[in-house]
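Me: I'd like to learn how to read the features of a protein model. Can you take me through one?

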Amino acid sequence: LATGHPLLDTVVGVPDTGGAVCTGRLSLAAQPWLADHIVSGTVLLPGTALVELAIRAGDEVGARTLRELVIEAPLVIPDKGAVRVQVSVGEDTGAGVRSVAVYSRPDDAESGAPWIRHASGQLGDDAPAPDAAFGVWPPEGAQPVDLTGFYANQEAAGYAYGPLFQGLTTLWTRGEEIYAEVTLPADDAEAAAGFGLHPALLDAVLHCGAFTERKAEEGRLILPFAWNGMTLHASGATALRVRMTPTGPESVALELADGEGTPVASVESLVLRAVADEQVRAAGRTGPGTDTLFALDWTPLGAGEGADVAATVVPHSVSMALDVEELVQSGASMPEVLVVDAVDGVVSAERVRGLVGRVLGILQAFLAAPELEEARLLVVTRGAVGVCGNTEVSDPAGAAVWGLVRAAQAENPERIVLMDVDEIQASRSALAGVLATGEAQVAVRGDVVHTPRLVRAALDGATGPALDPEGTVLVTGGTGTLGGLVARHLVAEHGVRHLLLTSRRGPEAPGAQDLTAELEAAGASVTLVACDMSKRRAVKKLLAAVSPEAPLTAVVHAAGVLDDGVIASLTQERIGAAFRPKVDAVLTLHELTRDMNLSAFVLFSSAAGVIGGPGQGNYSAANAFLDAFAQWRRAQGLAAVSLAWGLWAESGGMIATMSESDQARMSRGGVLPLASEDGMALLDTALAGEADTLVPVKFDFAALAEQARAGQLPPVLGGLVRQPRRTARIAAAASGATTGDTLAGRLVGLTRDEQRRHLVELVSGEVAVVLGHAGAGSVGAGQAF
């Protein structure tokens, strides 16, 4: 049914619950007046519009009051395109109380895309009787307030209201009470008839809050957070008389009447909260439509998936490469499954490197043995991943093994399985069922098997601790491309005034002097130091030199080195080269700063550690360690967040070591370059939120969908696009037909020389794709990896 509401198109009743679902479409083209509500440079749907949507949905089920509505996340109106909104009303839970929630997602999103919840609360059937009409107006003893320049001052504070939202015309105070008049422009008065209470008119009521004790702090905005006990007594108002009464340090009560003093609406309590303006700007750059922030979710498999199919498998345990070599040389029949325990539990650089090196040796021996081509290698860790929270992560060294093995799996599909278990030994008995699932990566908790899937991150609307502008922020890799971006952003957007930038070459690094001059011109003091962050003595000396007047308050670890190579080519030395700026450095920083009460400890890792990529085993291992270490550190009550970045649009630093073919390979894999402004917005979102690990990546969803259709999509990405339905096949043997599109079918009609040439071209082409070469001609038939 049509709703006849300016923001909602249709309403559908839900027979099973007696609730309702209302839907609408919001855009600057359809509702141009929304462009008059700009906060910190971002067009936001007013919180008062969320209230209007909830009340209108409540009308469909006879609800007469909005008992509660909590604003959870801002709803950004995009410059182009639209967002689809949905308001759901639940069943009567007793005494006429129903749940209500407001959601949105991009208008062009796929049907399986998630909805973002922006507000939730309760509706009620009972509505209080309106208070008596306002008496003398303005009240006796009320003192008028000069509003000259009010909206100009509001704009300077971050609220850029257009004419429709500049509705506060007159204001008086009497003690703590505030009285005011608000009105809609004459040209917009007719539009009010379609609303219960026009969002711009109710928003103007909130402007009175600027005259309460709830003043905005510098760099923070005051926005509505929770509405309690709101009742609409009359609809279609174009002007209001307002009485605002403080009820607490962060809350006020509202009574609203029309020009005759007849009650229009009342609010028992409205809670106002301070929000960092950079968080609002970040929402504008990472809101609906940008779709670039993800998290790893662990999904339990169904009870029947892979039950007892492989119950007869007898695994053969190996603990080092020599065990594999001796097995092959023994001449005995080869087992179906080899199992290696990759468990350490000690968080030290040496132990991490040792464990990864041991597993690397086993991988290399296993993959090099033709006798084991039909076997699978099962790598078992314990406490390397957090299925139900960061407290489960007890072995970040095991997480580094996951990064290494993910790369090996990408290079050698269907040969290797990763399994993480918990402290319950019974979970090890799940081996048979795990192998039968066909999943390459699982975590077993009790008797439940979970698989990792990347999902869109839920923005929690939290306002994490702000960076102290008077403290010092350490940025490692500070003279590189990403480090420089971060340094500029911290100064420009977070007001940081003291920066400690480190890199291997320090002041001698290309562009270092220009970066320093730019930051100092922006008002920051900059200390630029050449420091090997993996050396404890050097880092201790570095931190000891930080002035007590500007103590260290935050760390952004953006250092790293690329040294790509397939699993067969990796050595202990190449493992160490990738680990020193990542693993060694972060452990040193953790040890020397854990008692400093840092407000932020940000680690720049890579999506390679989460998704896995061919030719990046050492790099994937180092970054997977960082992600797990952030969880391990957070479980100890310390600040930490790891960001597993995808591909950046800028060049330089680590990015400069990627060839055009490397970047083309990533693009073919469905990863697009992320612009610097979008990356910094995602950094702000991470700083403001509560997540300990996030994956900021710009995906090409069309490319992912194509991979899914071809059966080539990595399982961890399976939740991001719709999976195609399996197509039934007609067996060639049953029909007597030949299958020319299989490899065997193509080889049947060729001579021996033609078969050899076809196979060489096929293998060379696949190798070229994996290694990022331009074509099969770039790979010689006798060339080693």
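Reply: Start with aromatic pairs. Rings of Phe, Tyr and Trp (its six-membered ring) pair if their centres lie within 6.5 Å; planes under 30 degrees apart count as stacked, over 60 as edge-to-face and the rest as tilted. This is a predicted model, where local features need pLDDT of at least 70 and side-chain atom pairs count only at pLDDT 80 or more, while totals for chains, interfaces and linings use all residues. Residues are numbered from 1 along each chain as its sequence is written, and side-chain values use heavy atoms, with hydrogens and water left out.

Me: How many aromatic pairs does the structure hold?

Reply: It holds 14 aromatic pairs. Take Trp298 and Trp402: their ring centres are 5.9 Å apart and their planes are at 75°, so this pair is edge-to-face.

Me: Where do Trp298 and Trp402 lie?

Reply: First, the terms: helices (H or I, at least four residues) and strands (E, at least two) are DSSP runs, numbered from the N terminus. Trp298 lies in strand β17 (residues 293–300) and Trp402 in helix α7 (residues 396–411), so the pair ties together parts that are 104 residues apart in sequence. The protein has 20 helices and 32 strands.

Me: Is Trp298 buried or exposed?

Reply: Buried means under 20% relative accessible area, exposed over 50%, and partly exposed in between (1.4 Å probe, protein chains only). Trp298 has 7% relative accessibility, so Trp298 counts as buried. Trp402 is buried too, with a relative accessible area of 1%.

Me: How are the rings of Phe625 and Phe629 arranged?

Reply: Their centres are 5.8 Å apart and their planes are at 20°, so the pair is stacked. Here is the general idea. An α-helix has 3.6 residues a turn, so residues three or four places apart point the same way. Now the case: Phe625 and Phe629 are four residues apart in helix α14, so about one helical turn separates them. Phe625 is buried, at 0% relative accessible area. Phe629 is buried as well, at 0%.

Me: Which residues have the most contacts inside the largest nonpolar core?

Reply: A nonpolar core is a set of buried Ala, Val, Leu, Ile, Met, Phe, Trp, Tyr and Cys residues joined through side-chain atoms within 4.5 Å. The largest one has 75 residues, and Leu69, Leu197, Trp227 and Met230 have the most contacts inside it. Helix α1 (residues 47–59) gives the largest share of this core, seven residues. A second, separate core has 72 residues, including Val318 and Ala630.

Me: How many disulfides does the structure hold?

Reply: A disulfide is a pair of cysteine sulfur atoms within 2.5 Å. The structure holds zero. Cys22 is buried, with a relative accessible area of 1%, and Cys208 is buried at 0%.
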